Amino acid sequence: MKTQRDPAAGDTRTDHDLVYAARDGDTVAFDALFYRYRDGIFRLGLAITKDPSAAEEIVVDTFARAHRALARLEPDASLRPWLYRVAVNLSYNRRPRKGLVLSSLDDAVDEPLANEEGSPSRVAEQAELRRFVLGAVDELGPKHRIVVVLHYLNGLNLTEIAEVVGCPVGTVKSRLHYALRRLRTHLAAHPELGIEPSRPIIATGLRAPKPITAPVPIEGE
Amino acid sequence: MRLFSRGCESLEAAYLAGADRLDSGERLALEAHARSCADCADALRYGRPVDAALRGAFAPLRERRTIIAPGRVRLAVGLRTPAPTNRWLRVPRFVGRLAEVSVMVGVTLFAVGTSLDPSTRPTSLTPTHSIVQEYFRSQPPVGDIDYVRWLRLVKADAPSTVSDSSRLPMGGRFDYDPIEFDKGSGVLPR
């Protein structure tokens, strides 16, 4: 007798097994894949498009493409890089056009963390600090920004990021290094972080970073 | 050819110490190198707070969830439930579909048939006289019932003798009599 699994409870099968089961028409297996990766893809779409409704559409479109490609999918271990690659491409196709006002990535930091403790002023300081850091990430170019987002938001390692963005691991390391170096220069402007700007640029051959021109919102203003 | 010096070769590894998964040997080698290299020591010292600040900044976003159900994907793909394997379970659906088609064909034929102009109608629709009708028409009526039958037979030919259906009032009278029966059959009622 066929047993029914609850997809929301989590399926212990590997992505490889789930893909092959879904290929044979097992909708429960496909649902398990969906529940496993929908939040990560949603966050990735949100980080790129900054629009929650667009991020939800990206989740749906990504899995719709995965369903159409089931017959030729051959995941070795994890389906995550393949799904994230599709999601990144879809997200860049849906980037906000000029004139369209969308919420910024740092709007989410207004909601304090569930386990965040301390006085209201301390919580507000932490939120302001997060906004400052995410504002600096927004200032990065798309190639460097996606590497930072994939690593720090989605938790992908460098090899997985290389699969997602379609370039060698060395290139990913170089981009992340450049992004961190430039972020360091930006974040040095905030005294609470205790970061000093990087050493002179000419000595390392890197281009001079563009300073943040947008004013940082301060609580109470 | 390099136009600019990129500094120490280990500088990238020093910045990525928090992101890249170095094993213990590589880590010790990097820290040993940083003792003699100012750039790498600087990168190691300030790379960690940048890494920590980024992890802290993305923490609320990592808690964001969505409540989309996989049904939306099925709608997008157009998935359907598998058809029943038992053939007898398809019989009600087949009968229903047959009834739908019959009604559709009937309505279509009715609509086409009633929309035809009388002049374009097939000739088979025009009344024809049978031999039996001709026989009864030639026979004089005997009884009351026969008279009624005879009258009906004669009336059936009446529309063919009408010359024009349009009438114009002239001086309180019509310009001609509307209907004229052809009474030239020579047979009169008793």
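A residue is classed as buried if 20 or more other C-beta atoms lie within 10 Å of its own, as exposed if 12 or fewer do, and as partly exposed in between, with C-beta atoms placed from the backbone. By this criterion, 38% of the 221 residues of chain A count as buried, while buried residues make up 14% of the 190 residues in chain B. The model is predicted, so that local features require a pLDDT of at least 70 and side-chain atom pairs count only at pLDDT 80 or more, whereas totals for chains, interfaces and linings use all residues. Residues are numbered from 1 along each chain as its sequence is written, and chains are lettered from A and ligands numbered from 1 in the order in which they are written.

Helices (H or I, at least four residues) and strands (E, at least two) are DSSP runs numbered from the N terminus. Chain A contains nine helices and zero strands, in the order α-α-α-α-α-α-α-α-α along the sequence. Chain B comprises seven helices and two strands, arranged from the N terminus as α-α-α-α-α-α-α-β-β. Two residues are taken to be in contact if their C-beta atoms, placed from the backbone, lie within 7 Å. Of the contacts in chain A between residues at least 6 apart in sequence, 61% join residues at least 24 apart. In chain B, residues 24 or more positions apart account for 51% of the contacts with a separation of 6 or more.

Between the chains, 46 residues of chain A are in contact with 35 residues of chain B. On the side of chain A that touches chain B, at least two residues each are supplied by helix 2 (27–49), helix 3 (52–68), helix 5 (120–138), helix 6 (142–153), helix 8 and helix 9 (201–204) of chain A. This side has 25 nonpolar, eight polar and 13 charged residues; Ala, Val, Leu, Ile, Met, Phe, Trp, Tyr, Cys and Pro count as nonpolar, Asp, Glu, Lys and Arg as charged, and the others, Gly among them, as polar.

A nonpolar core is defined as a set of buried Ala, Val, Leu, Ile, Met, Phe, Trp, Tyr and Cys residues joined through C-beta atoms within 7 Å. The largest such core has 71 residues, of which I41(A), A87(A), V133(A), V148(A) and A14(B) touch the most other members. Helix 2 of chain A contributes the largest share of this core, twelve residues. Leaving aside neighbours within four places in sequence, A14(B) is in contact with L30(B), A34(B), C40(B), A43(B), L44(B) and G47(B).

Helix 6 of chain A has twelve residues and reaches 15 Å from its first C-alpha to its last, close to the 16 Å expected at 1.5 Å a residue; the expected span is 1.5 Å times one less than the number of residues. The helix is mostly covered, with nine of its twelve residues buried. These buried residues are H144(A), I146(A), V147(A), V148(A), V149(A), L150(A), H151(A), Y152(A) and L153(A). Their covering includes helix 2, helix 4 (80–93), helix 5, helix 7 and helix 8 of chain A, together with helix 3 (38–62) of chain B.

Within helix 6 of chain A, L153(A) counts as buried because it has 23 C-beta neighbours inside 10 Å. Not counting residues up to four places away in sequence, L153(A) touches R43(A) and A47(A) as well as F58(B), L61(B) and R62(B). L153(A) and R43(A) are 110 residues apart in sequence, yet their C-alpha atoms are 7.7 Å apart in space. Just after helix 6 of chain A, G155(A) takes a positive phi of about 70°. K50(A), a residue other than glycine, also has a positive phi, near 65°. K50(A) is placed in the loop between helix 2 and helix 3 of chain A and, with 19 C-beta neighbours inside 10 Å, counts as partly exposed.

Helix 8 of chain A has 19 residues and reaches 26 Å from its first C-alpha to its last, close to the 27 Å expected at 1.5 Å a residue. Because 15 of these 19 residues are buried, helix 8 of chain A is largely enclosed by the rest of the structure. The axes of helix 7 (residues 158–165) and helix 8 (residues 169–187) of chain A come within 8 Å and cross at roughly 100°. Axes are lines fitted to C-alpha atoms, for helices over the stretch in contact, and angles run from 0 to 180 degrees between N-to-C directions. The two helices are therefore roughly perpendicular to each other, given that angles under 35 degrees count as roughly parallel, over 145 as roughly antiparallel, 65 to 115 as roughly perpendicular and the rest as oblique. At this contact, L158(A), T159(A), I161(A), A162(A) and V165(A) in helix 7 of chain A meet V169(A), V172(A) and K173(A) in helix 8 of chain A. The residues of this contact divide into six nonpolar, one polar and one charged.
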